[in-house]
Protein chains: 2
Amino acid sequence: MAKKVITISREFGSGGRSIGKMVADKLGYKFYDSEIINKVIEESGLAREIVEKYDEYATHKNSFLYSIAVNAGYSDGHGGLSFANQVQIAQVNVIKEIADAGNCVIIGRGADYILRDRENCFNVFIRADMDFRAKRVIDIYGETGKKIEDRLKDKDTKRRVFYRSFTMREWGAFENYNLMLDSGRIGLDKCADIICGIINDK
Amino acid sequence: MAKKVITISREFGSGGRSIGKMVADKLGYKFYDSEIINKVIEESGLAREIVEKYDEYATHKNSFLYSIAVNAGYSDGHGGLSFANQVQIAQVNVIKEIADAGNCVIIGRGADYILRDRENCFNVFIRADMDFRAKRVIDIYGETGKKIEDRLKDKDTKRRVFYRSFTMREWGAFENYNLMLDSGRIGLDKCADIICGIINDK
């Protein structure tokens, strides 16, 4: 049977990562979020600081070049490519390898787009209202009231710009996902149960 | 306890209506789709042909006026208003009355927007890929291959334009929904089960 891949895109603070981790644990799937960074370091030979800097980083300037590279499966001969593009190309290769290797949950990084032609890929988007996300981020990271909304908006904008520059599609557009869950209304545990229920049903 | 309202927006052919009907039957909720038309006829005193013509109909020209009317709770003194606006204003009043009356499922008609300030409202969007929807529409309505994609696109465009002109928001934008389900991937029965599971959990 084809390996199953669950991709999770998420608004910052919505708990998408936590939901993905619960799903992976319940289903016995591998889980990839920052784990991808280590694999990109191995794949690219670049220094950790460079890879971390350009993780989910938008490259406006080179987005068209990058899009061509991604779609052509460009994988070596880095002469002339920026570090950002080298990181992203390595990331594309790593995500394809991960998806080939076995059942897994992948957080962010445009994985839904990279794997868009694979029928075994189930794409989830997690969102929540600003109040819920702000409270959750403060609970977890201990930040204070005033700046939190700006921080959430900045993070979401960064993800939106990264996704658009890299895929030429709109982040969060319903056409690109099989499931969208409002974690604030539904609850994180229930979101994980719903995803597992759908995957187990197939 | 506050009455629960489930609104269902849907791409044409995705089965959103059928899913809504299953949910209403399982939960013992009232179900409103074309039932709204009868209530709008009573409310407005307009002829059936007029009400049916302007059901989920976009009024580009008067959308700003309409938006003001909706938000001000404008409900009588129709002098100078087009039939389209009269139908839509009656529809807004009918949807608010329905939501006040008891637990219910409401299909389309911008109900998510009309009821946006109510905490007891759970907003669902149902989508599916073109192939799934085309096959489903042909199975149900017996139409043939060639024109079906155009028909689906026309219907979706009509709903999108209606929604935008009437709410000043984007149809299907994730911020406006608590749940989005791809009925082609998940299956209609399972979609209904997921919605019931969430509502029963609360």
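Visitor: Hi! Which helix of chain A gives the most to the negative patch?
Guide: In this predicted model, that is helix α8 (residues 145–167), with three residues. Helices here are DSSP runs of H or I with at least four residues, and strands are E runs of at least two, numbered from the N terminus.

Visitor: Which residues form the negative surface patch?
Guide: A:Asp131, A:Glu149, A:Asp150 and A:Asp154. Patch members have over 30% relative accessible area and no salt bridge, and like charges are joined within 9 Å; a salt bridge is a Lys or Arg side-chain nitrogen within 4 Å of an Asp or Glu carboxyl oxygen.

Visitor: And where is A:Asp150 placed?
Guide: A:Asp150 lies in helix α8 of chain A. A:Asp150 is partly exposed, with a relative accessible area of 44%. Buried means under 20%, exposed over 50% and partly exposed in between, with a 1.4 Å probe and protein chains only.

Visitor: Switching to chain B: how many residues of strand β4 are buried?
Guide: Seven of the seven in β4(B), residues 121–127. On one side sit B:Cys121, B:Asn123, B:Phe125 and B:Arg127, and on the other B:Phe122, B:Val124 and B:Ile126, with both faces covered.

Visitor: What does β4(B) pair with?
Guide: Strand β1(B), residues 5–10, pairs with β4(B) in the parallel sense over six bridges, and B:Ser9 has B:Phe125 as its bridge partner. Strand β5(B), residues 179–182, also runs parallel to β4(B), joined by four bridges; there B:Ile126 partners B:Leu181. Pairing needs at least two DSSP bridges.

Methods:
Residues numbered from 1 in each chain as written. Chains lettered and ligands numbered in written order. Predicted model: local features only at pLDDT ≥ 70, side-chain atom pairs only at ≥ 80, totals over all residues. Heavy atoms only, no water. Patch = residues over 30% accessible without salt bridge, like charges linked within 9 Å, V, L, I, M, F, W, Y side chains within 5 Å. Areas by Shrake-Rupley, 256 points an atom, 1.4 Å probe, with all protein chains shown as cover. Lys, Arg positive; Asp, Glu negative; His and termini not counted. Charge placed at Lys NZ, Arg CZ, Asp CG, Glu CD.
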